[in-house]
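Please keep the structure in view while reading.

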Amino acid sequence: MTFLFWNLNQKPLQETIAAIAVEHDIDVIILAECKIQVADLLVTLNAKRVRKYSLTFSALDRLLILARLPRTAIQPLADTGFLSIRRLVPPVGVEILLVAAHLSSKLYQESEDQSLTATRFARKIEEQESHVGHRRTVIVGDLNMNPFEAGVSAAEALHAVMDKRTALKISRVVGGEARFFFYNPMWGRMGDCSEGPPGTYYRQSNRQVNYFWNTYDQILLRPELINRFRDEAFKVVTVVGAKSLLTNEGIPDTVSASDHLPIVFALDLSEI
Amino acid sequence: MNTENLWGDLPKSGDLRTPVSILREQATILGDQTNNVLVGDVITTQRGGNIVSEFEIVAPALDNYRVTVLTISHDMTLYPLLVIRHLGGSNVQCPDETSFIAVLKETLSGKRVHQIVNSLLSQSKAA
């Protein structure tokens, strides 16, 4: 099962989304900051396609989830603030919990607030994991925090670590309570020595601390999904067909594309 | 020697309605009005000295699908409180109970919430 996440920055990028969907054989498309009319988006996506995409139900419009799956395959569990939690039940294979996220921007929220919000989201996810009775959970979205920030890495928050072996220990006890890990493969996609661009979002500012490249767009996997994550399919997309999503300077082209880069990944959901 | 009362006249009983109790009343009304096809749920947690409560609409027939309508946050003095509206509309700081009830009314009777209630009712009946 292949997934695309992209924060569109309100740009009319339906042609590019459709091209990514073809190029990477995408099953589930998750979009943030999408101002494209859904009808237009579906017409573009479904042109000449046999397996057609449809919009899945959501009470919130902050995130759009489209899928070329049977209608019953994506079941809404919760829409809470900046998080949409779905039970993804493929026609064949194991079900997972899909959490789409678009957390508040640093422009509107202090880092400390973001971390506190992340702890609330972590509890929401745990509630739904209890509800469905498993922890095959993947979080994907624009977290508006880097992987090293407390809201993503702290035990009380999303508790996402850079190393599979650590994550495979399942949990650790902090303050007398077991805190379950996520594995965050985005750690491997930061900086010049990584595969692909140095991050997913570039921002120039006059602040003392400026990373320039940020990795706000992330995928976090519970240990139960690590062996199903296909490393070779995991991409921060910079080129779609002949079109580059970067400028000549190698930063996201905010004129013809978005200020965020799309991410693509795949999970093998077959019965093992 | 008589012990002096340094407390002044304390209230005989707490006569304030807490913001959480106001939310719970509205949760009950939602259940009554929809014959419990939809129910309201208020989840309260304590965070960093603040009491945070989330008001959610739950659709039992849809695998307990829940949508968070708003979150309120206040300290031990109850007011001022912050209302975070998840279904559109800006966040609002309410200085007292009257303004909180006004914001709550504006939110719950708003078009977006009614659209969602209608959609969830229809889907629940079809389920």
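Two residues are taken to be in contact when their C-beta atoms, placed from the backbone, lie within 7 Å. The model discussed here is a predicted one. By this criterion, eleven residues of chain B are in contact with eleven residues of chain A. On the side of chain B that touches chain A, strand 3 of chain B (residues 65-74) gives the most, with four residues. The residues of that side comprise four nonpolar, four polar and three charged.

Strand 3 of chain B also takes part in pairing between the chains. Strand 5 of chain A (residues 74-80) runs parallel to strand 3 of chain B, and two bridges join them. Within this pairing, A:D79 has B:V67 as its bridge partner.

Within chain A, attention turns to an open sheet. Six strands of chain A form this sheet in the order 3-4-2-1-19-16, and their pairing is mixed. Strand 3 (54-55) and strand 16 (235-236) of chain A each have a single partner strand and stand at the edges, so one side of each lacks a neighbour in the sheet.

Strand 1 of chain A (residues 2-7) is mostly covered, with five of its six residues buried. Strand 1 of chain A pairs with strand 19 of chain A (residues 263-266) in the antiparallel sense over four bridges. Strand 1 of chain A is also joined by five bridges to strand 2 of chain A (residues 28-32), and these two strands run parallel. A:F3 illustrates both pairings: its bridge partner in strand 19 of chain A is A:F265, and its bridge partner in strand 2 of chain A is A:V28. Between strand 1 and strand 2 of chain A, the chain passes through helix 1 of chain A (residues 14-23), and this β-α-β crossover is right-handed.

In chain B, helix 2 (residues 97-108) has twelve residues and reaches 16 Å from its first C-alpha to its last, close to the 16 Å expected at 1.5 Å a residue. Which residues of helix 2 of chain B are buried? They are B:F100, B:V103, B:L104 and B:T107. Seen down the axis of helix 2 of chain B, the buried residues fall within an arc of 100 degrees, so they line one face of the helix. An α-helix has 3.6 residues a turn, so residues three or four places apart point the same way. On the other side of helix 2 of chain B, B:T98, B:A102 and B:K105 are exposed. The cover over the buried residues of helix 2 of chain B includes helix 1 (19-33), strand 3, strand 4 (81-85), strand 5 (92-94) and helix 3 (111-126) of chain B.

B:F55 lies in strand 2 of chain B (residues 50-59). B:F55 counts as buried because 25 other C-beta atoms lie within 10 Å, the threshold being 20 or more. Leaving aside neighbours within four places in sequence, B:F55 is in contact with B:L23, B:A27, B:G40, B:V42, B:V69 and B:L70. As for B:G88, 33 residues apart from B:F55 along the chain, the C-alpha atoms of the two are separated by 15 Å.

Conventions:
Residues are numbered from 1 along each chain as its sequence is written. Chains are lettered from A and ligands numbered from 1 in the order in which they are written. This is a predicted model: local features need pLDDT of at least 70, side-chain atom pairs count only at pLDDT 80 or more; totals for chains, interfaces and linings use all residues. Two strands pair if DSSP finds at least two bridges between them. Ala, Val, Leu, Ile, Met, Phe, Trp, Tyr, Cys and Pro count as nonpolar, Asp, Glu, Lys and Arg as charged, and the others, Gly among them, as polar. The expected span of a helix is 1.5 Å times one less than its number of residues. A residue is buried if 20 or more other C-beta atoms lie within 10 Å of its own, exposed if 12 or fewer, and partly exposed in between; C-beta atoms are placed from the backbone. The arc is that of the directions from the helix axis to the C-beta atoms. A crossover is right-handed if, with the strands pointing away from the viewer, the path from the first strand over the helix to the second runs clockwise.
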